[in-house]
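Open the model in your viewer and keep the selection panel at hand. Each stop below says what to pick next and what is there.

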Amino acid sequence: QVQLVESGGGLVQAGGSLRLSCAASKSIFSINAMGWYRQAPGKQRELVAAITSGSRSNYAESVKGRFTISRDNAKNTVYLQMNSLKPEDTAVYYCNAHIVRTTSGYDYWGQGTQVTVSS
């Protein structure tokens with residue numbers, strides 16, 4: 001099991017930047033993939049970006065070129081650098097850890113951090 005704690009959310013004007021952090025309670029070196037999801041009011045939770053233990057990353061089309069996901073194994077932390085923010089990026093952002101054990105996958109979630117982008 002792993003606990004995840006997000007930080008770095010807040011209120012920013014359109015065009016601004018924020019960096020989210022997700023601190024894990026155990027070494028992320030052994031976690032198969034970590035990602036950031038977001039959920040806006042009235043909408044389903046969606047994947048924003050993910051990074052594997054081999055540092056391969058993928059992004060939602062809507063954030064490509066603006067967001068960057070990275071990981072620091074020494075600090076057990078994953079980051080999401082968000083640039084050129086838009087009002088439609090407003091949502092609660094959740095950190096996710098996906099661990100595969102034999103043939104089963106397990107997902108762990110943080111409590112979420114609010115990001116609000118004003119126009």
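## Stop 1: a buried arginine

Select Arg66: with a relative accessible area of 11%, this residue is buried (under 20% relative accessible area; exposed is over 50%, partly exposed lies in between, with a 1.4 Å probe and protein chains only). This is a predicted model, where local features need pLDDT of at least 70 and side-chain atom pairs count only at pLDDT 80 or more, while totals for chains, interfaces and linings use all residues. Residues are numbered from 1 along each chain as its sequence is written, and side-chain values use heavy atoms, with hydrogens and water left out.

Strands here are DSSP runs (E, at least two residues), numbered from the N terminus. Asp89 is buried too, at 0% relative accessible area.

## Stop 2: the rest of the network

Which residues are linked with Arg66 and Asp89 in a network of salt bridges? Select Arg38 and Glu46 as well; the four are linked in that network. Arg38 and Glu46 form a salt bridge at 2.7 Å, N to O. Arg38 is buried at 6%, whereas Glu46 is partly exposed at 35%.

Arg38 has Glu46 in E5 as its bridge partner. Strands E4 (residues 33-39) and E5 (residues 46-52) run antiparallel, joined by six bridges; pairing takes at least two DSSP bridges between two strands. Six residues lie between the strands of this hairpin, and Gly42 takes a positive phi near 75°.

## Stop 3: on to E6

Follow E5 into E6 (residues 57-59). These strands pair antiparallel over three bridges. Ala50 has Asn58 as its bridge partner. The hairpin has four residues between its strands, and Ser55 in the turn has a positive phi of about 65°.

## Stop 4: another salt bridge

Select Lys64 and Glu61. Their closest N and O atoms are 2.7 Å apart, in a salt bridge. Lys64 is partly exposed at 46%; Glu61 is exposed at 64%. The whole structure holds four salt bridges.

## Stop 5: the open sheet

Colour E1, E3, E8 and E7. In that order they form an open, antiparallel sheet. E1 (4-7) and E7 (67-72) stand at the edges with a single partner strand each, so one side of each lacks a neighbour in the sheet. Finish on Ser21, which stands opposite Tyr79 in E8.

How values were computed. Salt bridge = Lys/Arg side-chain N within 4 Å of Asp/Glu carboxyl O.
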